[in-house]
Amino acid sequence: MAQASFSDKSEEQRRYSLRIYFIGGVMLLLFGVLMARLVHLQILEHERFQTRSEQNRIQVQPVAPRRGLIYDRNGVLLADNRPIHNLAVVKELAGDMPRMIERLDGFLDLGEAEISEFDKRLKRRRRPYEAVVIRSHLTEDERAVLAVHRHELPGVEILSDSVRHYPFIELLAHPLGSVRRINEADLERLDPVMYAGTEFMGKLGVEKFYESSLHGRVGYQQVEVDVHGRIRKELDVDHPVAGIDLTLHLDLDLQVVADAALGARRGSIVALDPRTGGVLAMVSKPSYDPNKFITGISGEEYNALLMARNRPMFNRAINGRYAPGSTFKMAVGLAALTSGATTWEETIYDRGFFRLPGQRRIYRDWSWQRGNSGGQGSVDLNRAIYRSSNTYFYTMASRMKIDRFAGFVSQFGFGRPVGLDIADESTGLLPDSAWKRKVRNEIWYPGDSVNLGIGQGSMLVTPLQLASYVNVIANRGRIVAPRMLRDSSRALEEDLATPKSLSIVGLSPEDWEKMVDAMENVVHRGNLGYRQSGTAFPYIGQDISYRMAGKSGTAQVVEIKQGTTYDEKELDEYNRKHAWFVAFAPADDPLISVAVLVENGGGGSGVAAPVAREVIDAWVLPRMLAAARRASIAQGTGE
Amino acid sequence: MNIDFVRTLRTGGTAEPPTRVRFEILPEPVLLPLLVILMACGLGVLYSALHGRTEALSAQGIKLAAGFVIMLVVAHVHPREFLRFGPVLWLGGVALLVLVHIFGEVAKGGQRWLEVGPFPRFQPSELLKLAVPLTVAWYLHDRSSPLSLGDICVALAIMGIPAGLIIVQPDLGTGLLVLAAGGSVLFLSGLPWIYPAVAIGGVAAAAPILWSFLREYQQQRILTLFDPESDPLGAGWNIIQSTTAIGSGGLMGKGVLQGTQSGLDFLPEAQTDFILAVIGEEFGFVGAMGFLVLYILIIARCLYVSMIVRRTFDRLVAGSIGITFFVYVFVNVGMVCGLLPVVGVPLPLVSYGGTSALTLLFTFGVLTSIYKHRNN
């Protein structure tokens, strides 16, 4: 019994041991699998995982370069960079999101639009623990409130950034342009490396044209980050190279004067330095606050800006296209001289209207009256300029072949961009027979030439083109392209074609001087009797202390039917004529050339000329005074 | 034998006179030193995984020390007491599991914790890790071999009821451990070979049906195992980060506190379930192998003890302890290495956390008791 029990036991033990050995074998096999896996991970694939762990840990973060600053010619900062503080939330750390938003709303009064924007951004693909901006541009008070309640707001961070700021707001919105947020379409064109970490780029004006120079070169920092993306250690830095600082020809004081001279009226002023072509002032009114596009603008506000009838975002100086009107007459006169259509001596008789041979239609002078009376009497080119005789220039235009005429006139910059470094400039329109065939599918009629003779018809120019044109006359035929940039802190990134020194061909120096004399008469000839004064004399010529050459112009907006007159006051404001005045001074040695446009302003001499006078006074008088002082000192020391 | 003792301990009135137990500091010469080494090394790794936060580290040290003392105390309880109280423990455990279902507190997406009066939070499922093998062994230790179908069914019920309750909590990891503990007893007690063979075949055949019973997050865990890159920031994150940690450690590791995966928080659950990744990263292949060898030695010792003891109950319990411990290690290491789906099983005696360590040390106390009382 005991024996059997014992052997039972040993038999049971033996069978048990067998099972243990079996289990042990299975365990060893499975441990073998684990060890093989460790060999695989740690020895065979070590390098791959090593790299992977480094990629986890080390992040190469772009460091956006500081955008180049923009100064005026006297070193006044026109566009700088400002620190801003944005409020961002890390979803993973914030806990219950609706409650967090409610709490933030209590401190900051978030708008509904802001919250829905935030929700949208939150749904976009992002790294875990990436902070999402809910409000940009925190005020100091808001930051203080948030700092006090910091402990109640887990996952809420204040991020600092640097953005463009335009201290002169509306004054320089058009010439400087502005930066705007980089959008999807921009990303397709931009170098993703250079723009890593950059949110804004120049999209208008100088900011756009010199984008490559202003942007600078992106830098990188190699940092060790934790899983939350928080930087624990800086490992290596490749510093960014700040953008190139630009100095413009623009003179802030003159810009202020020009802006004020135009006042609340719609219009544009372009002032050039005749010697360099430098743009001394560029006004387009109304204007807008470019900072709004950086600090954030509501869709409503943006639409209001876009849809406003007075078009504040439209840069009239380079994109406004208007008929040049009588300001074009110098070009017609010069063309007639080169083509031999007339001489300085020839006179014609102006009866107040012009008729093409064999046609009934009459082309009216501005002095035309009912019953075809009026007119300027006997006019030569000089008198035709200072009296602005339409009849004279109708006659001259009808004498010239259109394509030769247009070819000559285009040398002044009509029908093509004239600026060297001005982005998105409109070309205007200089019609000729090819254009008419192509666009209207018609031949060029003599009547088209007649209209072109006084700057009406299809012809369109921008204020910049007109300033450039009068600048050519100021320079006695030498063509100097307008430009914004005066100097830069380093060599530019942009390839700027060096301006060719070109001159208008086919005219003698005497022709230019005589044309300038005629333009001086526009301003200075006065007190000589009925129909003898320059057109601008009554408005600006009576108290002027230097010699100014100018020409007024009035561009029709609506066509006047044959045989009718109209009352300017009855017309809708936006259908009234545009007032032009172009001028340069001093006439002998010009310091400034100006084109003034007052949209729907009425008569050029009465409305636009005083504006031009104010601008030119502000530029010329201090310089004349300084020259006089220098001269008297030189005289004093010489004795 | 009860003549010359210096210090005696009466074990809670359960021991019958004249049985008096002589208290020994080292009642088992192999297992206990191995456990001490394992826990010491584990604390070292934990120091790193906790980024040198010494308060948490000393709290864990105290828990382990307390567990060790409990183990020594349990070692002096005669195995027959476990035989007697196993079923009681089982009944109580199952009752508590039912209570958890009704009143339990939800933590980390599962209903596992029970708060009772002044006691610290407590998981009844831990109790079953011990109660199930004891009860299965209690039921089977005097059945003659081969086991009848009825006995097998009873044994399956003893482990299946609590395991089912735990799995629906849902806590798949603990449920599997309970099944492993009970199943190992069943296997060791002479289950005919045909049953495990049929069971494995059956599970394989029923896999598609079982699949549909799994919760979505459990299915996701299994799917990401095969292709962690399919969801690198979601379900695949843990596997990718832990294999990266281990792989980047290489042969010798990055050094103590030099692990970037754990130090920079890329590795989730670095102090708890994924601590092996910290070992692999900072101590390399050598360190990870060192831990595996320690585990192998401990398991081998358990199996050896189970072979030298005379009573069937003791044998079954000891063998089951070894096998369950193996399942612990294998599931955890397999999961961290990306070989098995992510189930909540800690690395025994190394992962941060008191409850599982306490249960484990208690079972090692049982094993020590079995060894110590092998001759009486």
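Let me start with how elements are counted here: helices are DSSP runs of H or I with at least four residues, strands are DSSP runs of E with at least two, and both are numbered from the N terminus. On that basis, the secondary structure of chain B comes to 13 helices and four strands.

Before I go on, please keep in mind that this is a predicted model, in which local features need pLDDT of at least 70 and side-chain atom pairs count only at pLDDT 80 or more, while totals for chains, interfaces and linings use all residues. Residues are numbered from 1 along each chain as its sequence is written, and chains are lettered from A and ligands numbered from 1 in the order in which they are written.

Chain B has 376 residues, and 48% of them count as buried, where buried means that 20 or more other C-beta atoms, placed from the backbone, lie within 10 Å of the residue's own, exposed means 12 or fewer, and partly exposed is in between. Two residues are in contact if their C-beta atoms, again placed from the backbone, lie within 7 Å; of the contacts in chain B between residues at least 6 apart in sequence, 68% join residues at least 24 apart.

Turning to the interface, 39 residues of chain B are in contact with 32 residues of chain A. The elements of chain B that give two or more residues to this side are helix 6 (172–188), helix 9 (237–249), helix 10 (260–263), helix 11 (275–308) and helix 12 (312–336). Helix 11 of chain B gives the most, with 11 residues. By class, this side of chain B has 22 nonpolar, 15 polar and two charged residues, with Ala, Val, Leu, Ile, Met, Phe, Trp, Tyr, Cys and Pro counted as nonpolar, Asp, Glu, Lys and Arg as charged, and the others, Gly among them, as polar.

Now to the backbone of chain A. The peptide bond from Lys285(A) to Pro286(A) is cis, with omega near 0°, and Pro286(A) sits in the loop between strand 12 (279–285) and helix 12 (292–295) of chain A. A cis peptide bond also joins Ala585(A) and Pro586(A), with omega about -15°, and Pro586(A) lies in the loop between strand 21 (578–585) and strand 22 (592–598) of chain A.

Finally, Asp424(A), a residue other than glycine, has a positive phi, near 60°. Asp424(A) belongs to the loop between helix 18 (402–410) and helix 19 (433–440) of chain A, and is partly exposed, with 14 other C-beta atoms within 10 Å.
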